[in-house]
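This report describes the fold of a protein chain, with its strands, sheet and nonpolar cores. The sequence and structure come next.

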Amino acid sequence: MTKTTQRNAETLFNDISESFLATPNVTTAKMFGGSALKVSNKVFACLYKGKLVLKLPRARVDDLVASAGAVHFDSGTGRPAKEWVAIDPSRRKEWLGLANDAKKFVATPR
């Protein structure tokens, strides 16, 4: 990933963060050395290595991974997380909508 692509991803994540921080119960936190978004004290989105990482239902994660520009998220343990997906900047037009879906998923009691 080029430095320009990384900066563009960071700028986009910051823009998305600003829109979410204007809503109730959304705060920021640190995750993997970067910024993360939390709703009701649970992380739903973060930026990691230039990709938007989201917590979504497992079936939705699998559907996104089946299409281009998304992979199961692995924080470096060698074991991808079942409910986490990393979305490439090539799909930046979807980032806000997917982050909204992640926020709703995390905020819904299970």
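In which sense do E2 and strand E3 (residues 42–48) pair, and over how many bridges? E2 and E3 pair in the antiparallel sense, over four bridges.

The model is predicted: local features need pLDDT of at least 70, side-chain atom pairs count only at pLDDT 80 or more, and totals for chains, interfaces and linings use all residues. Residues are numbered from 1 along each chain as its sequence is written, and side-chain values use heavy atoms, with hydrogens and water left out.

**Strands and hairpins**

Helices (H or I, at least four residues) and strands (E, at least two) are DSSP runs numbered from the N terminus. Two strands pair if DSSP finds at least two bridges between them.

Strand E1 (residues 26–31) runs antiparallel to E2 and is joined to it by six bridges.

| Residue | Opposite residue |
|---|---|
| Val26 | Val39 in E2 |
| Lys38 | Val43 in E3 |

The hairpin of E1 and E2 has two residues between the strands, and Phe32 there takes a positive phi near 55°. E2 and E3 also form a hairpin with two residues between them, where Ser40 in the turn has a positive phi of about 50°.

Strand E2 (residues 34–39) is largely enclosed by the rest of the structure, because five of its six residues are buried (under 20% relative accessible area, with a 1.4 Å probe and protein chains only).

**The sheet**

Six strands make an open sheet in the order E1-E2-E3-E4-E6-E5, with antiparallel pairing. E1 and strand E5 (70–72) are the edge strands, each pairing on one side only. From one strand to the next, the twist averages 25°. Helix H2 (residues 58–66) packs on the sheet and touches E5 and strand E6 (84–87); contact means heavy atoms within 4.5 Å. The direction of H2 makes about 130° with that of E5, where axes are lines fitted to C-alpha atoms, for helices over the stretch in contact, and angles run from 0 to 180 degrees between N-to-C directions.

**Nonpolar cores**

A nonpolar core is a set of buried Ala, Val, Leu, Ile, Met, Phe, Trp, Tyr and Cys residues joined through side-chain atoms within 4.5 Å. The largest has 24 residues, and Phe44, Leu54, Val85 and Ile87 have the most contacts inside it. Elements giving two or more residues to this core include helix H1 (3–21), strand E4 (51–55) and helix H3 (92–107). H3 gives the most, with six residues. Apart from this core lies another, of eight residues, among them Met31, Tyr48, Val53 and Trp84.

How values were computed. Buried < 20%, exposed > 50% of the residue type's maximum accessible area, 1.4 Å probe, protein only.
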